[in-house]
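Morning, everyone. I have one model to walk you through today. Please have a look at it before I start.

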Amino acid sequence: MPTARLAVQAMGTRFELVLYSEAHSEVFLRAVGEEAGAEIEELERRLSRFRADSLVAQINRSAAVRPIRLDADLFAMFQVARQVQEESAGAFDITVGSPLDSWGFAEWGAGADGGKVLVGMEQLVLEPEEQTIYFLQEGLAIDLGGIAKGFALDCAGEVLRAAGIRCALLHGGTSAVLGLGSPPNCEAGWRVEIFDSAAAGGGGRGKLVVQLKDAVLAVSAAGGRMVEPENELGGHIFDPRSPRAVSGAGFAAVVTGAGRLAATLADAWSTALVVLGERPIGLADTVTTIVGSRSAGGEWGLYTVCGQLSSAVRADPNFQNPAQAER
Amino acid sequence: MVNNSRNEKSASRRQFLQTTGAAAATLAILPDLAWGEVLRLAEPLAVAVIGVGRQGRAILGELQKIENVRIVMICDVDAARLRSGQRRVKGAEGVADYRLILERGEVQAVIIATPTHLHKQIALDALSAGKAVYCECPLAQTIADCRALAQAAQQSRMVFQTGMQGRCNPVYTLANSFKRSGAIRELISARAQDHRKMTWRSAGGASPAEQQARNWKLDPEVSLGLAGEFGTQQFDVVHWFLGKYPKSVRGTGSVRAYDDGRTVADTISCSFDFGKGLYFGYDATLGNSYEGQYEQIAGTMGLIKLAWSHGWLFKEADAPTQGWEVYANRQQFHNAEGITLIADATKLASQGKLQAGIGLPFPSLYYALAAFVKSVAEAAPVACSAEEGMRAAIVGICANEAVVNNSEVLIDEAFFKIEG
């Protein structure tokens with residue numbers, strides 16, 4: 001069957017796309033894949049806070065002075081960020097730009113004020129009539145690291161759908177995945193494994209398998225790059241409520257059906273869940289969550305799956321001692 | 001997950017700043033702009049964009065940063081692209097026929113971002129309709145069309161700007177002032193490249209005719225190839241810095257990367273003769289993206305390297321110190337002329353400290369559009385005229401001809417003559 005595989009480097013990671021179609025030629029698939037990839041690259045240019053000429057850099061510089069106009073899709077992305085911030089009681093907050101600056105993740109940034117750290121989504125106003133964004137306070141800065149990859153996948157997915165592609169897998173740095181349709185050899189959907197790299201030496205241990213058919217998956221973990229603000233070791237996800245880096249053993253994944261802005265939502269929620277450490281009460285059933293933790297020895301132990309798509313999540317047979325709660 | 005692109009950017013900047021053995025000092029060229037302030041017009045200006053493919057949509061994005069510019073209409077023959085364009089602009093009316101835009105009295109200026117071979121007619125009609133025109137480059141597909149358009153623009157009272165971004169780019173204009181003040185002394189040579197990894201093929205189009213229309217860049221009857229489509233912008237930068245136009249161009253090209261039946265070369269190389277032994281070498285490819293797009297001008301005292309959002313001056317060890325450099329030992333400074341210099345850019349880059357964050361606060365395209373809008377609304381001088389656009393496009397057309405025929409093409413002064 002005609003196939004196209006492409007990759008683009010964006011948002012500090014590698015995005016890969018695989019497209020299958022019986023109805024189209026490989027030349028066509030490659031061209032569509034490239035358009036989807038170009039969409040991702042354009043978003044990187046607009047949303048990276050490490051580029052002086054990006055829209056995010058402009059927002060961080062000027063949104064406290066005057067409102068900045070957004071296009072419809074980007075405005076909707078910010079609305080998702082707001083929604084997740086509210087429903088997670090602040091565990092997800094895109095206004096973490098300031099603490100990230102103070103703690104050395106970016107030399108470049110507007111608003112870092114020599115140690116004074118300003119966080120708070122309530123300082124960020126989205127005006128739907130004009131489709132603008134503005135800040136109520138100087139010194140606020142946004143960082144879209146917890147949501148941009150998901151949004152990029154949604155935009156790329158839209159390009160594929162508009163071109164009539166029904167069968168494709170897209171992922172951004174393996175932390176956000178969109179599965180359209182299913183691959184030729186597996187009607188049940190795209191099989192994605194979440195594995196614990198820390199336990200990789202143990203062969204097949206510590207693996208979850210998620211089957212994605214017109215569904216998205218986003219994964220976050222607290223581990224990874226360390227910061228040391230005032231000798232406090234932490235990972236590269238921040239708890240906006242403190243604000244300090246989230247330390248500890250958690251990981252979280254979110255699975256939802258592939259609707260509009262689904263990957264955006266899943267990306268934001270997986271970030272929020274790592275901070276929260278557990279699924280919040282009242283979260284809609286359509287958002288399936290997998291929240292887990294590592295034992296003191298660094299092995300994956302308990303994990304909890306909850307939501308409409310729970311059946312899409314299975315433990316690898318080698319996975320030891322899972323505690324599953326299914327609704 | 002948090003964005004880790006900083007390391008990516010450091011690596012590519014490091015790649016960029018390879019000094020020669022002799023280069024004594026590397027200075028990053030960065031104009032002192034009212035940092036990131038957008039243009040604000042006193043009165044509202046109503047504009048329309050004709051052609052909302054990728055470039056057209058980028059134009060929509062940049063125009064919306066300018067205060068008091070209203071995009072009232074957009075046009076595209078493709079319904080899906082038109083819808084995509086409308087998602088970029090709240091409240092813009094979408095049409096498939098550009099003449100509806102030209103008939104609308106409230107539209108004061110149009111931006112043309114259609115395929116190259118369609119520029120001429122639309123631009124001529126727009127001028128006749130009394131609209132100011134910003135026309136994407138290359139200006140037109142044939143030498144005759146370029147001259148006809150330049151003539152019409154000259155005879156019209158309307159503002160006409162060609163979309164060549166170099167002349168509006170603040171890094172480039174600052175670098176040009178260095179060159180004019182003798183910073184690199186005698187010209188030795190120039191080179192430029194445009195490396196990208198993309199097929200240039202467009203998907204979609206319901207009928208074979210539509211597919212062919214969408215794939216105009218790969219149609220040898222219509223396309224100006226990499227030299228015309230990519231190169232023209234860069235050739236114009238070189239003309240501007242060298243202060244003259246080439247006498248002839250040699251070219252070669254081949255299909256190296258995409259074995260899909262195409263005949264338009266995906267990899268080309270051109271050599272332009274500026275006379276008296278001054279040559280400009282250009283290469284472009286769709287098959288490899290290493291180091292992207294840049295131009296460099298070499299002189300006996302230094303080399304200027306320009307990469308759109310960034311610029312550098314590499315000085316030779318025996319180059320005299322310029323007045324402003326006395327202070328350049330510090331890492332950042334502002335002098336009386338409002339120039340920010342970052343000395344020792346190489347060292348900073350190797351330490352990962354010359355971040356992508358240092359560079360222009362807006363994309364190059366923004367400055368070109370802002371200049372146009374200022375010309376229309378405030379009678380500012382036109383940044384890049386139709387005649388300059390014509391000259392650059394003609395050089396691009398000749399370069400493409402050289403590539404297609406694997407030959408040398410003479411660039412006759414007579415080509416640049418505008419009748420009347």
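How many salt bridges does the structure hold over all chains? The count is 33. Bear in mind that this is a predicted model. I will go through a few of these pairs, then turn to sheets and helices.

Start inside chain A. Arg46(A) and Asp71(A) meet through their side chains in a salt bridge, at 2.9 Å from N to O. Arg46(A) sits in helix 1, residues 26-47, while Asp71(A) sits in the loop between strand 3 (68-69) and helix 3 (72-87), so the bridge ties together parts that are 25 residues apart in sequence. Are these two partners buried or exposed? The cut-off for buried is under 20% relative accessible area. Arg46(A) is at 19%, so Arg46(A) counts as buried. Asp71(A) is at 5%, so Asp71(A) is buried too.

Next, a pair between chains. Arg66(A) makes a salt bridge with Glu37(B), and their closest N and O atoms are 3.9 Å apart. Where do the two ends sit? Arg66(A) is in the loop between helix 2 (55-62) and strand 3 of chain A. Glu37(B) is in the loop between strand 1 (23-31) and strand 2 (40-50) of chain B. Arg66(A) is buried, with a relative accessible area of 14%. Glu37(B) is partly exposed, at 43% relative accessibility.

Asp73(A) forms a salt bridge with Arg260(A), with the closest N and O atoms 3.8 Å apart. Asp73(A) belongs to helix 3 of chain A, and Arg260(A) to the loop between strand 13 (250-257) and helix 6 (262-276) of chain A. That links parts of the chain 187 residues apart. Asp73(A) counts as buried at 18% relative accessibility. Arg260(A), at 64%, counts as exposed.

There is also a network. Glu39(A), Glu42(A), Arg54(B) and Arg88(B) are joined into one by salt bridges that share partners.

Now the sheets. A quick reminder: strands of a sheet pair through backbone hydrogen bonds, either parallel or antiparallel.

Chain A has an open sheet of three strands, in the order 3-5-4, with antiparallel pairing. Which strands stand at the edges? They are strand 3 and strand 4 (124-127) of chain A. Each has a single partner strand, so one side of each is left without a neighbour in the sheet. Strand 3 of chain A pairs with strand 5, residues 132-135, over two bridges in the antiparallel sense. There, Ile68(A) stands opposite Ile133(A) in strand 5 of chain A. Helix 3 of chain A packs on this sheet and touches strand 4 and strand 5. The direction of helix 3 makes about 135 degrees with that of strand 4 of chain A.

One helix pair in chain A. Two packed helices are described by the angle between their axes and the distance between the axes. For helix 1 and helix 5 (residues 148-162) of chain A, the axes come within 9 Å and cross at roughly 150 degrees. The cut-off for roughly antiparallel is over 145. Helix 1 and helix 5 of chain A are therefore roughly antiparallel to each other. The crossing is right-handed. Who makes the contact? From helix 1 of chain A, the residues include Val32(A), Ala36(A), Ile40(A) and Leu43(A). From helix 5 of chain A, they include Phe151(A), Cys155(A) and Val159(A). Glu39(A) is also among the contact residues of helix 1, and Glu39(A) is one of the members of the salt-bridge network.

Over to chain B. Chain B has twelve helices and 17 strands. Buried residues make up 58% of its 420 residues.

Chain B has an open sheet of six strands, with order 4-3-2-5-6-7 and parallel pairing. Strand 4 (93-95) and strand 7 (160-163) of chain B are the edge strands, each pairing on one side only. From one strand to the next, the twist averages 25 degrees. Strand 3 (residues 67-75) and strand 4 of chain B pair over three parallel bridges. Met73(B) has Glu93(B) in strand 4 as its bridge partner.

Helix 2 (residues 54-63) of chain B packs on the sheet, at about 165 degrees to strand 2 of chain B. Helix 5 (residues 119-128) of chain B lies across strand 2, strand 5, strand 6 and strand 7, at about 170 degrees to strand 6 of chain B.

That is the tour.

Technical notes
Residues numbered from 1 in each chain as written. Chains lettered and ligands numbered in written order. Predicted model: local features only at pLDDT ≥ 70, side-chain atom pairs only at ≥ 80, totals over all residues. Heavy atoms only, no water. Salt bridge = Lys/Arg side-chain N within 4 Å of Asp/Glu carboxyl O. Helix = DSSP H or I, 4+ residues; strand = E, 2+ residues; numbered from the N terminus. Buried < 20%, exposed > 50% of the residue type's maximum accessible area, 1.4 Å probe, protein only. Pairing = 2+ DSSP bridges. Contact = heavy atoms within 4.5 Å. Axes fitted to C-alpha atoms, helices over the stretch in contact; angles between N-to-C directions. Parallel < 35°, antiparallel > 145°, perpendicular 65-115°, else oblique. Left-handed = near helix turned anticlockwise from the far one by under 90°.
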